[in-house]
Amino acid sequence: MRNSLIRKAATPGDAFRNPVLDNVSILALQDPADFIARAVFPTIGGPTAGQYYEIDTDSIAQNKAVKRAPGDEAAEGTWNLTKKAFNCEQLGYREKVTEEMLAATGAAARADEVAALSVAEVMMIASEVDWAAAFFKTGVWGRDMAGAAGSVADVSYKYWSTAGSTPISDFLFERKRMRRVGKRFPNTLVLGADVETTLLTHADIIARVNAGQTPGSGADPTLNDLAKFFKVERVLVANASYNSANEGAAAVNSFILDSKSAWLGYVNPNPSRTTPSAGYRFADQEISGNDQGVRNWKYWVQEKRSYYIESAIDDVYKLVSANLGTFLSGIVQ
């Protein structure tokens with residue numbers, strides 16, 4: 001008797017039980033708008049290194065004219081300037097995408113596209129960390145004010161996160177002071193992430209928005225409202241975060257800029273020879289070939305049988321006028 005072999009028809013599940021979807025993948029990248037470093041100071045494209053003049057406006061602001069008798073010479077004075085140097089430095093980072101990785105991920109991840117996005121974010125994080133370490137701290141600007149349980153002239157303001165605080169009045173006072181010592185009204189406000197939340201829910205802000213809201217709708221303050229109340233042109237919120245842990249260790253995610261602090265300043269949107277600014281970003285236009293100092297490449301290395309995605313930034317941030325910046329440290333609890 002012949003043995004019979006019962007065969008089951010193959011199903012799609014037998015052939016491929018764990019398909020990888022090629023129309024979706026998960027990549028939690030940050031919004032580029034959350035990074036503020038390259039947005040705060042205006043960018044000046046130029047050579048790798050050079051010098052610029054800093055004109056002393058305090059010497060010009062003195063009352064040096066005197067009454068002149070007929071036939072006498074006019075009072076004589078001068079204005080002062082100092083040469084300042086800048087030297088662009090290069091940040092660089094790249095990632096390797098092997099041909100095996102490209103083949104394995106296929107349309108599900110598109111490894112070269114993911115690498116390009118990853119490299120771009122790493123570069124933005126590096127710029128943000130550098131800017132924060134250099135400028136978003138005490139001891140840099142012409143004025144430091146701290147958050148505290150109570151206001152002390154030229155030292156502290158009452159925490160904006162506590163009842164009875166007056167952030168609008170505090171800002172307007174700083175606005176007038178900056179005009180007096182720096183010859184310009186501030187036009188830019190940088191908020192730490194927690195400061196933004198506090199201001200958008202502050203009783204004083206809500207009350208002002210309520211006064212002009214559309215009937216039947218609730219008060220919903222925006223950054224445009226903050227700009228209007230504080231009389232600045234721009235409000236930037238430093239929402240970018242990064243993982244400060246070493247490779248392979250448990251992630252330690254935190255905001256790059258101090259989330260409880262803020263900065264108020266004047267930055268010239270159109271730099272020229274006789275205009276002040278809190279700071280400038282100098283970018284190497286000669287090497288990069290563009291006025292932003294940013295370059296990106298995708299290239300094949302035959303020996304590695306791999307593509308490389310690489311980016312470089314040639315720039316440097318420079319403080320120009322300390323009197324055109326005020327740092328408010330720990331202004332919320």
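At the start of helix 9, a side-chain oxygen of Thr-222 comes to within 3.3 Å of the backbone nitrogen of Asn-224. The model is predicted. Helix 9 itself spans residues 223–230. Its buried residues are Asp-225, Leu-226, Ala-227, Phe-229 and Phe-230. Just after the helix comes Lys-231, with a positive phi of about 60 degrees. Most residues other than glycine have a negative phi.

Helix 9 has a helical neighbour. Helix 7 covers residues 193–200, and the axes of helix 7 and helix 9 come within 11 Å. They cross at roughly 80 degrees. Angles of 65 to 115 degrees count as roughly perpendicular, so helix 7 is roughly perpendicular to helix 9. On the helix 7 side, Glu-196, Leu-199 and Leu-200 make the contact. On the helix 9 side, the contact residues are Leu-223, Leu-226 and Phe-230. Leu-226 and Phe-230 are also among the buried residues of helix 9.

Six strands form an open sheet, and the order is 6-5-15-11-7-8. The pairing is mixed. Strand 6 (156–158) and strand 8 (234–238) are the edge strands, each pairing on one side only. On average, neighbouring strands here are turned by 20 degrees against each other, direction ignored. Helix 9 packs on this sheet and touches strand 7 and strand 8. The direction of helix 9 makes about 125 degrees with that of strand 8.

Strand 7 takes in residues 188–192. It runs parallel to strand 8, and five bridges join the two. Leu-191 of this pair stands opposite Val-237 in strand 8. Gly-192 has Ala-238 in strand 8 as its bridge partner. Strands of a sheet pair through backbone hydrogen bonds, either parallel or antiparallel. Is strand 8 mostly covered or mostly open? Strand 8 is mostly covered, with four of its five residues buried.

The loop between strand 6 and helix 6 (167–182) holds Ala-163. Ser-165 lies in the loop between strand 6 and helix 6 too. Which of the two is buried, and which is exposed? Ala-163 has a relative accessible area of 68%, so it is exposed. Ser-165 has 3% relative accessibility, so it counts as buried. The cut-offs behind those words are under 20% for buried and over 50% for exposed.

Ser-165 has partners in several places. Its side chain reaches the backbone oxygen of Tyr-159 at 3.4 Å. Beyond its neighbours within four places in sequence, Ser-165 is in contact with Lys-158, Tyr-159, Trp-160, His-202 and Asp-204.

What does its side chain meet? It makes a polar contact with the side chain of Asp-315, at 2.8 Å. Leaving aside neighbours within four places in sequence, the contacts of Arg-281 include Arg-38, Phe-41, Pro-42, Thr-43 and Ile-44. Others among them are Gln-292, Val-294, Ile-313, Val-316 and Tyr-317.

Asp-154 is not a glycine, but has a positive phi of about 65 degrees. It is found in the loop between strand 5 (143–148) and strand 6. Asp-154 is exposed because its relative accessible area is 53%. Arg-305 is not a glycine either, and its phi is positive at about 50 degrees. It lies in the loop between strand 13 (294–301) and strand 14 (306–319). Arg-305 has 39% relative accessibility, so it counts as partly exposed.

Finally, step back to the whole chain. The protein chain has 10 helices and 15 strands. Of its 333 residues, 37% count as buried. The accessible surface comes to about 19500 Å², and carbon and sulfur atoms account for 51% of that. Take the contacts between residues at least 6 apart in sequence: 74% of them join residues at least 24 apart.

Definitions and conventions: Residues numbered from 1 in each chain as written. Predicted model: local features only at pLDDT ≥ 70, side-chain atom pairs only at ≥ 80, totals over all residues. Heavy atoms only, no water. Buried < 20%, exposed > 50% of the residue type's maximum accessible area, 1.4 Å probe, protein only. Contact = heavy atoms within 4.5 Å. Areas by Shrake-Rupley, 256 points an atom, 1.4 Å probe, with all protein chains shown as cover. Pairing = 2+ DSSP bridges. Axes fitted to C-alpha atoms, helices over the stretch in contact; angles between N-to-C directions. Polar contact = N/O pair within 3.5 Å; in protein donor to acceptor, adjacent residues only side chain to side chain. Parallel < 35°, antiparallel > 145°, perpendicular 65-115°, else oblique.
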